[in-house]
Amino acid sequence: MINVTKSFVPPSDEYMKYVFAILERGWLTNQGPCVTELEAKLKQYLGTPYLNFVSNGTIALQIAIRAMKILDGEIITTPFSYVATVSSILWERCQPVFVDIETNTFVIDPGKIEAAITPNTKAIMGVHVYGYPCDVQAIDKIAKKHNLPVIYDGAQAFASNYLERSLLSYGEVAICSFHATKLFHTIEGGAVITNNKQDYDNVSLMLRFGHNNDDHFQLGINGKNSEFHAAMGLCVLKYVPEIIANRKAISEEYDRLLAGAVGRPVPPVGLEYNYAYYPVLLENEAALLTVRAALNKKQIFPRRYFYPSLNRLPYLSKTQACPISENVASRVLSLPLYADLPMEAVKLVCDTIKEAIA
Ligand SMILES: *Cc1c(COP(=O)(O)O)cnc(C)c1O
């Protein structure tokens, strides 16, 4: 069976060394040495001075919204993402206002943001979908003009660099997910990346119930992550260059074998890509379903990343049309991509796709 992704598992003796040390210390959670070490290594790796390791990417998004002091109102966002982007906004009792996407990179179209701003707008939340960059410069300009904070959902953007900086370094606050299916993972986990000490201190407090010993400062939540999760991160982080190199080679083999047969996003100049996903565009939804059925028959399971277009979620209070996102969502399929995917499997996937659409 070939799934869309497979978690990277480090050599077990490397992980067990950490586990024995954690058990020996008896310090299992609450900012133990593994969490502290992982935070330091991630800050260094990403070149971002303020980072909190948290329990998942979704809580990271919710904390990010709170860190911007947003308690209600509208948040401008993209309809083309994983559902957690929008569910976090709704969970924080804000309203998502959808702005359609660019046709080349499937990220929010900055040319359409200003028209969506109202007196009720509290923030812009872009998503670096598939690890492709939002137009951070254009968004920054609009945000400054309207005095709005920018939040980036960089759940898929770990190790993607844009204009010589980590994509996670842009915005007032950015988040990442370290879920087991993501390129770099801590089994479950995530990070909140802030750009000043004040926001960092605020996030640090919020994710620990809003108190420090007996002093209670503000409403908080439990966003902490454990020593065991941090230890997995410390093990996986070492292999990130190797993971990316393998994913790049596989992606290039897909490029070669599928040239002309399927559509592909076109990333902008200035991107140093992380090869987190390999999305292809089929002619239409019928072609997608045909291709998927042919692959499934051979025990190959790509995923409809991302479908449905989130402006069509059934629990939204009002309908907003986003024709480009809806069109892309109806015919985009993410092909299997993980560090040890054999090249023969890549060939089988491509042969099956080409046969199915012939
Ligand atoms: C994975 C993902 C999340 C959620 O992260 P979790 O760690 O699974 O909670 C949020 N946004 C996007 C775009 C994602 O891909």
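**View 1. The ligand sits in the largest pocket.** A pocket is an open set of points, on a 1 Å grid over the protein atoms alone, where a 1.4 Å probe fits, with protein on both sides within 12 Å along at least five of seven lines. A molecule sits in one if more than half of its atoms lie within 2 Å of its grid points. This is a predicted model, in which local features need pLDDT of at least 70 and side-chain atom pairs pLDDT 80 or more, while totals for chains, interfaces and linings use all residues. Residues are numbered from 1 along each chain as its sequence is written, and side-chain values use heavy atoms, without hydrogens and water.

**View 2. The shell around the ligand.**

View 3. A backbone N or O atom of G57 is 2.7 Å from a ligand oxygen. For S177, a side-chain N or O atom lies 2.7 Å from an oxygen atom of the ligand. K182 places a polar side-chain atom 3.2 Å from a ligand oxygen. The protein buries 92% of the 380 Å² that the ligand exposes when taken alone (Shrake-Rupley method, 1.4 Å probe).

**View 4. H128 in its loop.** H128 lies between β5 (121–127) and α5 (136–146). Its relative accessibility is 1%, so H128 counts as buried (under 20% relative accessible area; 1.4 Å probe, protein chains only). A polar side-chain atom of H128 is 3.0 Å from the backbone nitrogen of C134.

Definitions and conventions. A polar contact is a pair of N or O atoms within 3.5 Å; within protein, one must be able to donate a hydrogen and the other to accept it, and residues adjacent in sequence count only if both atoms are side-chain atoms. On a 1 Å grid over the protein atoms alone, a cavity is a set of points where a 1.4 Å probe fits but cannot get out, and a pocket is an open set with protein on both sides within 12 Å along at least five of seven lines; lining residues have an atom within 4 Å of a point. Helices (H or I, at least four residues) and strands (E, at least two) are DSSP runs, numbered from the N terminus. Buried means under 20% relative accessible area, exposed over 50%, partly exposed in between (1.4 Å probe, protein chains only).
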